[in-house]
Each structure stands twice: as C-alpha cells, then as structure tokens.
Amino acid sequence: GGLSAMWTDRYCYTYQCGAADPSWGEKTGRLPNAGLMFLRGLDASFALSLSGMVWPRAAVSAAALWHFDPAVRRRELEGLAAWIAGVLRAQGVASCPPSCTCDELTACGRPYPVLFPPRRPRRRPPR
C-alpha cells in the first residue's frame, strides 16, 4: 500500500483554513496565495489550478508506488513526467504541461485565467 497527498491550504482565505496561527505561515513563507479561488464563483479557475497541481505529480507518485526503481535518475524521471503530462493533456486532463512548473496561481509562469461562470439570462415576467 501507499499514499500520495496534496495539501490545498494555500487556496484557503486564512492560513491553514484557521487551524493554525498565521505567524507560522509568515515564518515559512507559506501564507495563502490563492484565496480568491475559495469563492464558489471561481470554481472553474480553481479546477484548472488544482488539476495543474495534481497532474502529472499524482501519476508519477502512483508509478513510484507501483514499481519503484532506485536506478531511475532525475533526468529520466523528468522525461517520464513530461511524457505522462502529454498523455494526460491529450486525453483532456488539465495537467501541468510537459516540462513545466505549475503552482496554485501559474502554469509555466503564466497566470491561470480567471473564469467566471456564464451568466444566466434573466427571466422576464409574463405579460
């Protein structure tokens, strides 16, 4: 068995979603930086961001749990991560692009788009 986890505290609007004193976040430079995505109206932006944070990392983690090989070198691992990122993206998964760095706010150094839900047309009262 194994486990792979990703913390989402930086999406919260308060440090550790209120579970710890913000002074710890200040000391470590880990205060929330994507709290705006906590709003329900930005779920589409949050989904892109979270998917970019999770993929391909989760695939690499799963592969290591399934068949760990201590002989794999960093360059080979980076190549495999880029390959699986390309496969995921070809299947429509919003993975971090191949050979790129993604965080809560950016993919390849470019900010994620702010995507608001489509506006619903107002209903007009019957005449």
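Reader: Is the side chain of Tyr11 buried or exposed?
Author: This is a predicted model, in which local features need pLDDT of at least 70 and side-chain atom pairs count only at pLDDT 80 or more, whereas totals for chains, interfaces and linings use all residues. Residues are numbered from 1 along each chain as its sequence is written, and side-chain values use heavy atoms, with hydrogens and water left out. Relative accessible area, taken with a 1.4 Å probe and protein chains only, gives buried under 20%, exposed over 50% and partly exposed in between. Because its relative accessibility is 4%, Tyr11 counts as buried.

Reader: At what angle do the ring planes of Tyr11 and Phe46 stand?
Author: The search of the whole structure finds two aromatic pairs, a pair being two rings of Phe, Tyr or Trp (its six-membered ring) with centres within 6.5 Å, stacked if the planes are under 30 degrees apart, edge-to-face if over 60 and tilted for the rest. The centres of the Tyr11 and Phe46 rings are 4.9 Å apart, and the pair is edge-to-face because the planes stand at 85 degrees.

Reader: How many residues apart in sequence are the parts that Tyr11 and Phe46 tie together?
Author: Helices here are DSSP runs of H or I with at least four residues, numbered from the N terminus. Tyr11 lies in the segment before α1 (22-28) and Phe46 in helix α2 (residues 43-54), so the parts tied together by this pair are separated in sequence by 35 residues.

Reader: What is the angle between the planes of Tyr13 and Phe38?
Author: Tyr13 and Phe38 also form an aromatic pair, with 4.7 Å from centre to centre. The pair is edge-to-face, and the angle between the planes is 75 degrees.

Reader: How far apart are the closest N and O atoms of Asp43 and Arg40?
Author: Asp43 is partly exposed, with a relative accessible area of 31%, while Arg40 counts as exposed at 68%. These two residues form a salt bridge, and the distance between the closest N and O atoms is 3.2 Å.

Conventions. A salt bridge is a side-chain nitrogen of Lys or Arg within 4 Å of a carboxyl oxygen of Asp or Glu. Helices (H or I, at least four residues) and strands (E, at least two) are DSSP runs, numbered from the N terminus.
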